[in-house]
Amino acid sequence: MTIAVIALLCVPACAGIACLWLPGRIAGLVSAASGIASFALVIALIPGASHRDLSWLGFARVDALSVVFLLATAFLYACVAVYSIGYLNTATGHGGPAGRRYTRRFWAGLNLFAWSMLAAPLMGNLALLWVAIEVTTIVSALLVALEGTEGAAEAAWKYVLLASAGLAIALLGTIFAYYAGARVLGPGYNLAFGPLLTVAARLPHTAIRLAFVLAVLGFGTKVGLFPVHTWLPDAHSEAPTPVSALLSGSLLAVSFYAILRFYQLAQAALGPRFPRDVLLVFGVASLLLAALYLLDQRDYKRLLAYSSVEHMGILAIGVSFGAPIALAGVLLHVLAHAAAKGNAFMGAGVLVRKFGSKRISAVTGGLDLLPWSGPLFLAAILALSAMPPFGIFRSEFEIVTGGLATSGNAVTAILVVLVTIAFFGLSVATNTMLLTPRRQPRLDSRLQAPGTPVLARGEPSAWMVVPVVIGLAALLVLGLHPPADLTGLMGRAVAALRGIA
Amino acid sequence: MSPAHAPGVFTGGANVIAAAILLAEFGMFRQALVRDQVRLYAAQSGLISVLAVIVGAVHHLPELYVLAAVSAALKVVVIPLVLRRLLWGNRPPGAGTEAGDIAGSGGLSLAATVLVAIAVAAFGFFAAGALPVPGGAAPAIALSVSVAVVLVAFVLMIHRRDVISQAIGLFSLENGISLAALVVAASLPLILEVALLFDLLVAVIVFGLLIRIHHGRAESLSTTELTSLRG
């Protein structure tokens, strides 16, 4: 166990630093190996974390809740690292020294980004958790700017400014949590999470209330909760597509993890009512905004970005329901959303490579032209829309069940209606991209309309298909029959979230 | 505040310094030259370090001296130097003013924005004053002032239309939070404080890189062209 945690903190960091010097091809293989190794290490943590909370060296702490988020992050890291090999191989215009510099920075950034996201759930200390999440912002902002276009520069600037301002607010929340802890535990208190939770009932209420609201608003900036989501569609659409997948599937979830820690604290100190109401307001507002924006998108990466806002809203609403089955649904949703959104973005990356555009109107006939990625992208969109038999269907079903049991019908009905609107927006766009037949003149025709390039049937790269197939398999497993170990882990995490662990 | 150690003098001194920090924040509105904003930022950070030393002396928290030293080294010396290098490269200091030196601002006029900032600061001051968060290491009024500083920093960031001023607004926002931390979390372990400061330094470098990328692409430091991504 100890070795697994130390290795998890070292492997991606070492891979990232090594990639600064390695040539591109080897760097890709090293990153893929690092991703797969990280995922294996997280799996090794499951048995221990399913039974007790573990902490090391005064700063690292692992419990069932953190392992759930580690699983989502490490799974996506492994998939995206393999996928990126194909993504970079099929890049055009990346020869020469500029191309080599791009490749080197991409691999180093990708590994360090994954490292920071894996480090955050391992921190057993609220200040270090904040530092880790700030590091994710810094690394990912550089990755967003990597493409070097004007759009990328604009998106990176908005992202770093808004996310840093948000995290400054979260820091203020963390400081109030320290103030509350130091009142009870004495001035030598070091913001460790475990001791704070054990004395939570005696913490001063005003300080905890402030800490929770500031943390939701601050970390919520990185989760993409309304009204502080505005950086999210820009960054997701302008980043290199593998980075978009990590941003959406892992980064948002890791930031949500920070909110959950403050939720645990607030629930133990103030009772469940106050934190749930706060999360409900943010969740419904985010879901409403995302559902409406999904109806009118012209760029398919922005479409997927708004879908992320939608799913983060669902997570917040699920936690606000508070029923055990809804909380289990939330944790399953984190895993399933990572797999589904990763798949969707990886599919979008194939579309970008094939059609050379991010506009929805530029893509037609995807199912005909892409024998593998077309159906896989369709499956990913259906999974995101909570169609059975995929994991998100199961998780949203559990959340809705929990909502009907505890929160009354009105809120649950709003949730279902908004999710349906989001489904409508997603499916209309996907329909035009994949199912509309592509009108392309024959290869020998001279009457070819300018602007519609002739495309042959085929996949850009096998590297870009295999991880998506694995992601789809994971979605099916989560939807049909989650493994017993995982169910046990999530049961313990739910108990922790309800404050009875 | 603890009257046994320092009745009156300590409280008054701490409050004066907190008010000066807020005044420095307002001063940043006034400064049209980016260079002067950097100077004001350095001065404001220096005031924070002075306050840390005073709180440390009164409450016998020796680690606050170390914190003040590290904070001063980073925020008064290193960060302004990094910003200067990024801004003017190797240009000699007396080389005259160029278009990029003048902080862009837009939307409301300066006077109107300052009025908004005063209203926002007053709101923050009284709202935080109404909170029952008693007995930190520094007087409670300093906490109210720090909330006002944070809110005014937001107004500053919204008002400004060039990337460097926005970045400086963000760093001064962080100064407001340092002030709040001195009031309610003076005994926060040093190692964590240093981690936070180091993090700030890394953030500054990344901001610098992004400012350079933006400057290289758009040939200006204005944010008025950063409007292509919408919807």
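Reader: In which helix does A119(B) lie, and is A119(B) buried or exposed?

Author: A119(B) belongs to helix α4 of chain B, residues 110-129, where helices (H or I, at least four residues) and strands (E, at least two) are DSSP runs numbered from the N terminus. Residues are numbered from 1 along each chain as its sequence is written, while chains are lettered from A and ligands numbered from 1 in the order in which they are written. The model is predicted, so that local features need pLDDT of at least 70 and side-chain atom pairs count only at pLDDT 80 or more, whereas totals for chains, interfaces and linings use all residues. A residue is buried if 20 or more other C-beta atoms, placed from the backbone, lie within 10 Å of its own, exposed if 12 or fewer, and partly exposed in between, and because A119(B) has 12 other C-beta atoms within 10 Å, it is exposed.

Reader: What separates the C-alpha atoms of A119(B) and V152(B)?

Author: These two residues of chain B are 33 residues apart along the chain. Between the C-alpha atoms of A119(B) and V152(B), the separation is 9.4 Å.

Reader: How many helices does chain B have, and what percentage of its residues is buried?

Author: Chain B has seven helices and zero strands, and from the N terminus on its elements run α-α-α-α-α-α-α. Among contacts (C-beta atoms, placed from the backbone, within 7 Å) in chain B with a separation of 6 or more, residues 24 or more positions apart account for 76%. Of the 231 residues in chain B, the buried ones make up 45%.

Reader: Are α2(B) and α6(B) roughly parallel or roughly antiparallel to each other?

Author: Helix α2 of chain B, residues 34-59, packs on α6(B) with the axes 10 Å apart and at an angle of about 10°; axes are lines fitted to C-alpha atoms, for helices over the stretch in contact, and angles run from 0 to 180 degrees between N-to-C directions. The contact of α2(B) with α6(B) has twelve nonpolar, seven polar and no charged residues, with Ala, Val, Leu, Ile, Met, Phe, Trp, Tyr, Cys and Pro counted as nonpolar, Asp, Glu, Lys and Arg as charged, and the others, Gly among them, as polar. Angles under 35 degrees count as roughly parallel, over 145 as roughly antiparallel, 65 to 115 as roughly perpendicular and the rest as oblique, and α2(B) and α6(B) are therefore roughly parallel.

Reader: Which element gives the most to the side of chain B that touches chain A?

Author: The contact takes 34 residues from chain B and 32 residues from chain A. On the side of chain B, the elements that give two or more residues are α6 (163-184) and α7 (190-218), and the residues of this side divide into 27 nonpolar, four polar and three charged. With 14 residues, the element that gives the most to this side is α7(B).

Reader: Which element of domain 1 of chain A gives the most to the side that touches domain 2 of chain A?

Author: By an automatic or database domain assignment, chain A is divided into domain 1 (1-122), domain 2 (125-245 + 254-268) and domain 3 (272-439 + 457-501). The C-alpha centres of domains 1 and 2 of chain A lie 21 Å apart, and 24 residues of domain 1 are in contact with 22 residues of domain 2. On the domain 1 side, α3 (64-89) and α4 (96-122) of chain A give two or more residues. With twelve residues, the element that gives the most to that side is α4(A).

Reader: How many residues of helix α9 of chain A are buried?

Author: The buried residues of α9(A), among them W231(A), H236(A) and E238(A), pack against α5 (126-144), α6 (150-185), α10 (241-270) and α12 (300-321) of chain A. Helix α9(A), residues 231-238, is mostly covered, and the number of its eight residues that are buried is eight.

Reader: Is A386(A) buried or exposed?

Author: A386(A) sits in the loop between α15 and α16 of chain A and has a phi near 65°, a positive value in a residue other than glycine. Since 27 other C-beta atoms lie within 10 Å, A386(A) is buried.

Methods: Two residues are in contact if their C-beta atoms, placed from the backbone, lie within 7 Å.
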